[in-house]
Amino acid sequence: MNWLKGRWQLIALLALFILPTAAAMIMVFSDWRPGTFTNNGDLVQPAVQLDPSTWQNLDGETPALAGDWLLVMPQQSDCGEDCRGRLDVLNRIRVALDKDIDRVRIIVLQPGTRAEPVTEVQAGFLRMSAPAETLERLARHEGAAMAAHIVDYRGYHVMRYAEPLDASGLLDDLDKLLRLAKEEAERRAAEEAVSR
């Protein structure tokens with residue numbers, strides 16, 4: 001009788017480990033995806049390499065952006081009241097990150113063909129220009145105007161946010177991304193960019 005009891009315990013123990021593994025394999029190989037996600041912005045799938053190192057700083061020497069998370073605001077025309085309001089919101093989001101504030105930079109991206117900057121210099125912002133096709137791709141997506149984008153520390157475009165900007169949603173997504181990212185990997189990415 002003890003022999004039979006021991007066998008059932010072994011079968012139960014094996015089932016405890018094998019069944020979840022089999023279920024996970026079925027979900028992976030059948031390409032199952034959850035119906036809803038916890039992110040607030042639009043996830044860029046697959047993530048696209050933007051290569052921010054090719055963008056030009058309008059206020060002097062182009063800083064090394066590798067290793068920093070970027071909040072990119074595309075702006076194709078002069079910065080009016082809506083634009084200044086969005087910049088203020090992005091700055092408040094960055095400040096709300098508290099101890100992670102130094103890991104994030106805000107970039108106002110404008111066309112490379114434009115001679116004068118679209119907005120005045122504000123502390124904490126970088127005014128940069130990019131090729132017209134890059135800016136057009138960031139300014140609109142599927143016909144909708146885009147308010148802001150998150151670019152990761154390796155230069156991959158990972159999230160986009162349509163107008164009007166959902167500030168609390170962007171902050172929530174950015175906070176999650178920063179918690180999941182490894183600061184050591186960000187530091188290594190910055191060192192590799194400097195050594196090139």
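Tyr-153 counts as buried, at 15% relative accessibility; here buried means under 20% relative accessible area, exposed over 50%, and partly exposed in between (1.4 Å probe, protein chains only). This is a predicted model, in which local features need pLDDT of at least 70 and side-chain atom pairs count only at pLDDT 80 or more, while totals for chains, interfaces and linings use all residues. Residues are numbered from 1 along each chain as its sequence is written, and side-chain values use heavy atoms, with hydrogens and water left out.

Tyr-153 is placed in the loop between β7 (144-151) and β8 (156-162). From Tyr-153 to Ala-185 the C-alpha to C-alpha distance is 8.7 Å, although the two are 32 residues apart in sequence. Arg-154 and Asp-152 form a salt bridge whose closest N and O atoms are 3.0 Å apart. Of this pair, Asp-152 is buried, with a relative accessible area of 5%, and Arg-154 is partly exposed at 48%.

## Overall architecture

The protein chain contains five helices and eight strands, where helices (H or I, at least four residues) and strands (E, at least two) are DSSP runs numbered from the N terminus. Along the sequence their pattern is α-β-β-β-α-β-β-α-β-β-β-α-α. Of the 196 residues in the chain, 36% are buried.

## Salt bridges

Side chains of opposite charge can pair when their charged atoms come close. The structure holds 15 salt bridges, each defined as a side-chain nitrogen of Lys or Arg within 4 Å of a carboxyl oxygen of Asp or Glu. One of them joins Asp-42 to Arg-160, with the closest N and O atoms 2.9 Å apart. This pair links distant parts of the chain, since Asp-42 belongs to strand β1 (residues 42-49) and Arg-160 to strand β8, 118 residues apart. Asp-42 is partly exposed, with a relative accessible area of 35%, whereas Arg-160 is buried at 12%.

Another salt bridge connects Glu-186 with Arg-103, the closest N and O atoms being 2.5 Å apart. Glu-186 lies in helix α5 and Arg-103 in the loop between α2 (81-96) and β4 (104-111), so the pair ties together parts that are 83 residues apart in sequence. Glu-186 is buried at 4% relative accessible area, and Arg-103 also counts as buried, at 9%. Both residues take part in a network of salt bridges that links Lys-99, Asp-100, Arg-103, Glu-183 and Glu-186.

## Largest pocket

On a 1 Å grid over the protein atoms alone, a pocket is an open set of points with protein on both sides within 12 Å along at least five of seven lines, and lining residues have an atom within 4 Å of a point.

The lining has 18 residues, of which Ser-53, Ala-66, Arg-154, Ala-193 and Arg-196 are the closest to the pocket centre. Helix α5 (residues 183-195) gives the most to this lining, with three residues. By class, the lining comprises nine nonpolar, four polar and five charged residues; Ala, Val, Leu, Ile, Met, Phe, Trp, Tyr, Cys and Pro count as nonpolar, Asp, Glu, Lys and Arg as charged, and the others, Gly among them, as polar.

Definitions and conventions: On a 1 Å grid over the protein atoms alone, a cavity is a set of points where a 1.4 Å probe fits but cannot get out, and a pocket is an open set with protein on both sides within 12 Å along at least five of seven lines; lining residues have an atom within 4 Å of a point.
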